[in-house]
8 protein chains.
Amino acid sequence: MAEGWEPGPELARIAHLDHDRAARRGYPEAVLCEPKSVEQVALIAAEVAAAGTPTLFTRATPEQAAAVLAALSDAHHDPVARVVAWPAAAPEPTGGLVVVVSAGTSDLPVAREAELTARYLGRRTQLVVDVGVAGLHRVLGHLDLLRSARVVVVAAGMDGALPSVVAGLVSAPVVAVPTSVGYGAAFGGVAPLLSMLNACAPGVAVVNIDNGYGGGHLAAQIASS
Amino acid sequence: MAEGWEPGPELARIAHLDHDRAARRGYPEAVLCEPKSVEQVALIAAEVAAAGTPTLFTRATPEQAAAVLAALSDAHHDPVARVVAWPAAAPEPTGGLVVVVSAGTSDLPVAREAELTARYLGRRTQLVVDVGVAGLHRVLGHLDLLRSARVVVVAAGMDGALPSVVAGLVSAPVVAVPTSVGYGAAFGGVAPLLSMLNACAPGVAVVNIDNGYGGGHLAAQIASS
Amino acid sequence: MAEGWEPGPELARIAHLDHDRAARRGYPEAVLCEPKSVEQVALIAAEVAAAGTPTLFTRATPEQAAAVLAALSDAHHDPVARVVAWPAAAPEPTGGLVVVVSAGTSDLPVAREAELTARYLGRRTQLVVDVGVAGLHRVLGHLDLLRSARVVVVAAGMDGALPSVVAGLVSAPVVAVPTSVGYGAAFGGVAPLLSMLNACAPGVAVVNIDNGYGGGHLAAQIASS
Amino acid sequence: MAEGWEPGPELARIAHLDHDRAARRGYPEAVLCEPKSVEQVALIAAEVAAAGTPTLFTRATPEQAAAVLAALSDAHHDPVARVVAWPAAAPEPTGGLVVVVSAGTSDLPVAREAELTARYLGRRTQLVVDVGVAGLHRVLGHLDLLRSARVVVVAAGMDGALPSVVAGLVSAPVVAVPTSVGYGAAFGGVAPLLSMLNACAPGVAVVNIDNGYGGGHLAAQIASS
Amino acid sequence: MAEGWEPGPELARIAHLDHDRAARRGYPEAVLCEPKSVEQVALIAAEVAAAGTPTLFTRATPEQAAAVLAALSDAHHDPVARVVAWPAAAPEPTGGLVVVVSAGTSDLPVAREAELTARYLGRRTQLVVDVGVAGLHRVLGHLDLLRSARVVVVAAGMDGALPSVVAGLVSAPVVAVPTSVGYGAAFGGVAPLLSMLNACAPGVAVVNIDNGYGGGHLAAQIASS
Amino acid sequence: MAEGWEPGPELARIAHLDHDRAARRGYPEAVLCEPKSVEQVALIAAEVAAAGTPTLFTRATPEQAAAVLAALSDAHHDPVARVVAWPAAAPEPTGGLVVVVSAGTSDLPVAREAELTARYLGRRTQLVVDVGVAGLHRVLGHLDLLRSARVVVVAAGMDGALPSVVAGLVSAPVVAVPTSVGYGAAFGGVAPLLSMLNACAPGVAVVNIDNGYGGGHLAAQIASS
Amino acid sequence: MAEGWEPGPELARIAHLDHDRAARRGYPEAVLCEPKSVEQVALIAAEVAAAGTPTLFTRATPEQAAAVLAALSDAHHDPVARVVAWPAAAPEPTGGLVVVVSAGTSDLPVAREAELTARYLGRRTQLVVDVGVAGLHRVLGHLDLLRSARVVVVAAGMDGALPSVVAGLVSAPVVAVPTSVGYGAAFGGVAPLLSMLNACAPGVAVVNIDNGYGGGHLAAQIASS
Amino acid sequence: MAEGWEPGPELARIAHLDHDRAARRGYPEAVLCEPKSVEQVALIAAEVAAAGTPTLFTRATPEQAAAVLAALSDAHHDPVARVVAWPAAAPEPTGGLVVVVSAGTSDLPVAREAELTARYLGRRTQLVVDVGVAGLHRVLGHLDLLRSARVVVVAAGMDGALPSVVAGLVSAPVVAVPTSVGYGAAFGGVAPLLSMLNACAPGVAVVNIDNGYGGGHLAAQIASS
């Protein structure tokens, strides 16, 4: 054992996919691609193909998405949201409506990731774009839609003020997703994160910066009934 | 107008209570006592008594609580949660079960504030105490209760690891309330806040540090159906 | 020179009051009381009385205010704003209207300090209280007043969202004063400070946390014509 | 609805340009290019061309600027300030003089962005470069110009000391724009940002780090009369 | 001495390798490659070859690894762990068992670096991968192995919750290595670092973010008897 | 269930003491007194007395210590370390020697807490005081003792440089306990915490700021054989 | 050894005074009183009296100062600087002149501590007060004195801009002492600390926040010849 | 003036070189190249050539260095220190000896920049490399040299412990230059910066992270006599 060391079989498997997750938590498996190599993503996609487990690949670079599609050629790829979903067809929706609001154009990728996640977890979804608080009439113009939602997801960067405003207008819970949109003292999303944690209206649930997947997942759980 | 300045009548009213809130959002008014003077709290309590609006007074010091009880003598005061509720009787519960979990003894005030808030917003609640991750058998011993909840609220300080563990065990959403319990590199609740925002299990909704009211309010909204 | 050291006359004067300031910048002298001892404040007040220079004493504790009033018995003391002004009569107002908005009850001391400062620097002022973004109808109810201002000062803590909303509604510049109102991840005013620096509407001028004096001074300069 | 999901028409419009802004706030539309893709910028430029709304494109990379110029060939492009303005001619100036001061050579892009913004919002402007506090004679040499301004914009990185010095010399308000110039403990502009928020002279209005557009906009509003 | 300056011989040696280290501390020399140029690494490798000192080259880029292998052709290179070890054969193991646990797939490089370091410092090692707290059954499935260790090394990013859980299950000390895996409010490893420093179970020894070498070294020292 | 709410029996027990801990992890129970009320501490002490479980009460104020001694009159109270230990007699020591080093006089309470903890967990201990790096001869004067230790605990505030120096002198692992001693840019212990995490000598295990208990516990585990 | 533990003789001495320091570094011993108990300070003062070592007691509360004077009745106590010096007579001055500048009245305690330290380390000193950059004429009025110094110490809080200005006016090095004077975004001295570290004029030596002793010590060393 | 705007002549000069600096402060001009474009650097070099002012170009990329050498072909370029000096010959040295110490190999560029700066400002210099505190014998081996210096410059990253150790060994002042060497919780040089600001030995002068130029400049001023 003291000589040139060889990786044992336990290294061959770089990840333990949790195929029971659907059973245990009721939702598909998700694979966060970003910190993984293209080779690791390809390996996992092959295992998904073999096992037939419904899976969302999130934060996939074009190269990672191609690796997934090579193994799961009938998957759905949304390049804006950076999501690859397999199977391509979302389940028949149940539960309440999930409305996703994007404060600005640049928050769209995160908002789309949230919307797709909620849809593939089995919810009806609706996306509203570019309704920042600097033009209140934009928000107020969607009031009926917002009030028809079981949960509203709001993706916003910069001052992160939109969730406070929306939460003051509806009785449903609001899932706030801070984004890294902004510069300088936005500090990569810290400014909207702190705004949202300190929202002056109650009923705001905060997730990690740029975490569209987490926001959509949480919304789907809330809107399950 | 240039001489010795006198406060006009607009100053006589230091706060605009939002009596339509119940109608607009469906829940009682809440008054955050902490940053207000005892006099301000007394003034607001008198206005609540006059208007008859169901109200929760949160983060009330003993002096502030006494001021509220002077105006609303039949209110319910919970000194651990630092909450005064009027009227004392919570509404007949509707919706799903809210289970509130306190990671440690010192997280109890925040957990109680969350539980009381959810109860006065009309939910059935159950409180489980001192089930930190250092003794996993404690969490696992409550698995059936946790899985029967429509939403689980977890109050935890220090490493803030409990919401990740609970979210991995149940399919309901988890509302995570970081507490300022801890010292040194806990930085007044920053450590558990960051843990919860980075929970490795999806479905974790984070609110502000020590914000038991916010956590309970969010849980009541989620469990409304 | 090497023996027991004695403070020379240059120490007798702990401060160099800048009596030419009015001439140079056009506004009264201001003395920030907070970091000074009661004795130092008394000394300065005596010098002001001797020199007859119009002066604002800001962030004065009750003890410091008493020390000022001992030397300048006809001064105006506003205990909420923690300001002592001498002479008590504000100058005849010139320039445009300064509207000061307080997001919540607890932001009132800072808002009052800003209003008083602008008034003693020679502007007409109007104070609007408790109009947080959680109830948009409150802000919108003051739209005419807001649009009649040459500059609007907004004092807000917690999410600091109000300046963005106001700046989107008016064409005048908005002076945003973050307050230390809030707890947990408000970090003593950092959260609203960052929100305001990242306001999604342009035209927001930010000053230091709780700096009502600075906000009022800036507003008076902006509204000078 | 459960099969392969298609983006609805609401996604076709990635942004809601606010053509009423000029009417509502009195200034041209602005498009922050940096966080947008070249395609998104091109789409918006085409819409601007169709609608004929005066617009400033800010923080434009060379590729983004080219995309704008493809749609609006007679626009003015300033590569140092990274601004594209359409129409190229600034409005006939009204109001007071805006003097823009650049502390160092490296602060020039931000200072130019501020100057151009104020000019296209209808103000006379003057730019003074490289007058850091390490050589006070440089600042003092421009004293007459500084004192003739209705508002002074100061762009400075590193120690951010210049706004304090300038504000002590003039009676006009000073708009301070911290820049990310510096290294190490400058922390990408945090050091000058904090200096400016703590300026020992009153009358300093702070905007976000590197926010030349915001600084110029605010200055134009202040100097409107 | 005042003319054109020439580097003296003291500059020829850019580093003083500490060949007595093995004698003094009982372990091989280590060279942190990352902040060094390829030329510097090559120079050091040549000196190692000349002196015959057992050495670990850590955080080696492919180019740096190639430079080492050029001088020490029989060294062992592990590209995942980014380690080059010379001589290739680890010493005959003594002391107790070091179990290394990787919370997620993306923590594997750090975990491997820790494992290799402990092995080349003379310990038996075992690696367990992808056992995050979101699926507790994974951790519990390795309980016997964990309890057989003299020390457990845990590499984890994101919420960093695994060391708390493991430390609560075993009586051996746990070496916690926070990783920079995660995004947003993970802040490059700060979130798991703080979690680990605040672990609610005692017996958790924390090292620097991504410091697999340090974690493995510490584990080898602990397990020396 | 909808009327005035009464705490159920599950609230009567504010804490679940983990009497199996000794069996499971091999060490006595510990109660962190600081965040608990005197009443809570008294309740727990009474339960300890009833159950007969060896227990350390840490960070006890004089009032909390008195409450413990009221229930456990034969306990040992160390007011400097703020520890109350029951039973008073430490177990017969086994394993290796634990040397605890205090960098300065003010680090003594933390160092003593570490030493007592290790002693009550069954190790031989030795305490060395006031050997900061500003006078290296002090450290070097204890070299033989330091090299005879199975593990060295170093408590240091301010620059936190001592663990690096000690770790470079011995082959045993070093447990580094940063303290909040210092002011200004020591930031309550952050400066020594970061120094220790970046120690240039390997083999440094860091625990939380002021966590003498954790440092002593870890040392006892390391020195168990 | 396993029974009730007694502190050994090594604990009787809580500190190792470094009486050789004067010989080794050429300056008197210094005792930082702040983090020590009154008893500890009294013990140390008694030892100083016995050994006859010249000593500075810094950051002494009135109680600590009284304890020192009880043992060293002929010591010099400066309550503003919070310094007690023994012997009272400073040494015959040698070397160059140390000019100490206080930006504002509130920086005076720190400036005095610096001046006294330099004086007791054997330098001529001169103190200039209240010369902040908001009134440049104040600084410029002392230009001759500043230019006659071998080193200038500048104590400043808030924007910390004064050292940059002074360093641009003199050829001597400037020792910059940031103070915790200020509020809000001054963050207890962080704002001036960062300003000083980023001073746009070279030749600025920074010490810890409020570290008047360190600033004076450094100045005395610089001005030794 | 309202049409297409043209840069006036004041923009042609992007920088105001301060040719009187040598007279005023006694040292050559310095140009920080890093934040400037190659074109700007070339322009400045041409002006230097025309004016004949001795100048140091610091933090020059290879491209920037080439641009300087194109205008000043007989300048001295040190690629490790990233310095270009003109004229190439340093002045005849005066004053005391400046010893520059590099804690590790990777700190060498900063140490070299400091040494070159001191040399071109007219001091004798000596460089000592790779003497980190993990091997104290390295530092102690240079004790005579260190004690012969008028000032010691120490460049160190990671734990930044070396200045404390050196300052405890010599009576001369120590200029501490924190470097960005390290990773993880070194936070780009924050860890050594804080260590140095909290050095437990007095006499440590801190400059900005990686500021070799500033460290060398300060040292040259200190050693001027």
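A salt bridge is here a side-chain nitrogen of Lys or Arg within 4 Å of a carboxyl oxygen of Asp or Glu. By this rule the side chains of G:Glu115 and G:Arg119 meet in a salt bridge, at 3.1 Å from N to O. The structure is a predicted model, in which local features need pLDDT of at least 70 and side-chain atom pairs count only at pLDDT 80 or more, whereas totals for chains, interfaces and linings use all residues. Residues are numbered from 1 along each chain as its sequence is written, chains are lettered from A and ligands numbered from 1 in the order in which they are written, and side-chain values use heavy atoms, with hydrogens and water left out.

The secondary structure of chain A comprises 10 helices and 9 strands, where helices (H or I, at least four residues) and strands (E, at least two) are DSSP runs numbered from the N terminus. Of the 225 residues of chain A, 67% count as buried; buried stands for under 20% relative accessible area, exposed for over 50%, and partly exposed for values in between, with a 1.4 Å probe and protein chains only. When contacts (heavy atoms within 4.5 Å) in chain A are taken between residues at least 6 apart in sequence, 68% of them join residues at least 24 apart.

Chain B and chain A meet through 30 residues from each of the two chains. Together they bury about 2,300 Å², 51% of it on carbon and sulfur atoms, buried area being the accessible area (1.4 Å probe) that two parts lose on being put together, summed over both. The side of chain B that touches chain A receives at least two residues from each of helix 2 (21–25), helix 9 (190–197), strand 9 (204–206) and helix 10 (212–222) of chain B. Helix 10 of chain B gives the largest share of that side, 5 residues. By class, the side of chain B that touches chain A holds 16 nonpolar, 9 polar and 5 charged residues; Ala, Val, Leu, Ile, Met, Phe, Trp, Tyr, Cys and Pro count as nonpolar, Asp, Glu, Lys and Arg as charged, and the others, Gly among them, as polar. Between chain B and chain A the count of salt bridges is 0, while 11 residue pairs, both at pLDDT 80 or more, are in polar contact across the interface. A polar contact is a pair of N or O atoms within 3.5 Å; within protein, one must be able to donate a hydrogen and the other to accept it, and residues adjacent in sequence count only if both atoms are side-chain atoms.

Over all chains, the structure holds 32 salt bridges. In chain G, G:Glu115 and G:Arg119 both lie in helix 5 (residues 108–120), 4 residues apart, about one turn of the helix; G:Glu115 is buried at a relative accessible area of 1%, and G:Arg119 is buried at 5%. In chain C, C:Arg119 forms a salt bridge with C:Glu115, with the closest N and O atoms 3.1 Å apart, and both C:Arg119 and C:Glu115 are buried. A salt bridge of 2.9 Å (N to O) joins the side chains of D:Glu34 and D:Arg59. This pair links distant parts of the chain, 25 residues apart, with D:Glu34 in the loop between strand 1 (29–32) and helix 3 (38–51) of chain D and D:Arg59 in the loop between strand 2 (55–58) and helix 4 (62–71) of chain D. D:Glu34 is partly exposed at 35% relative accessible area, whereas D:Arg59 is buried at 6%. In chain A, a network of salt bridges links A:Glu34, A:Arg59 and A:Arg82.

Some backbone features lie in loops. The peptide bond from A:Trp86 to A:Pro87 is cis, with omega near 0°, and A:Pro87 lies in the loop between strand 4 (83–86) and strand 5 (97–102) of chain A. D:Phe187, in the loop between strand 8 (174–178) and helix 9 (190–197) of chain D, is a residue other than glycine with a positive phi, near 50°.
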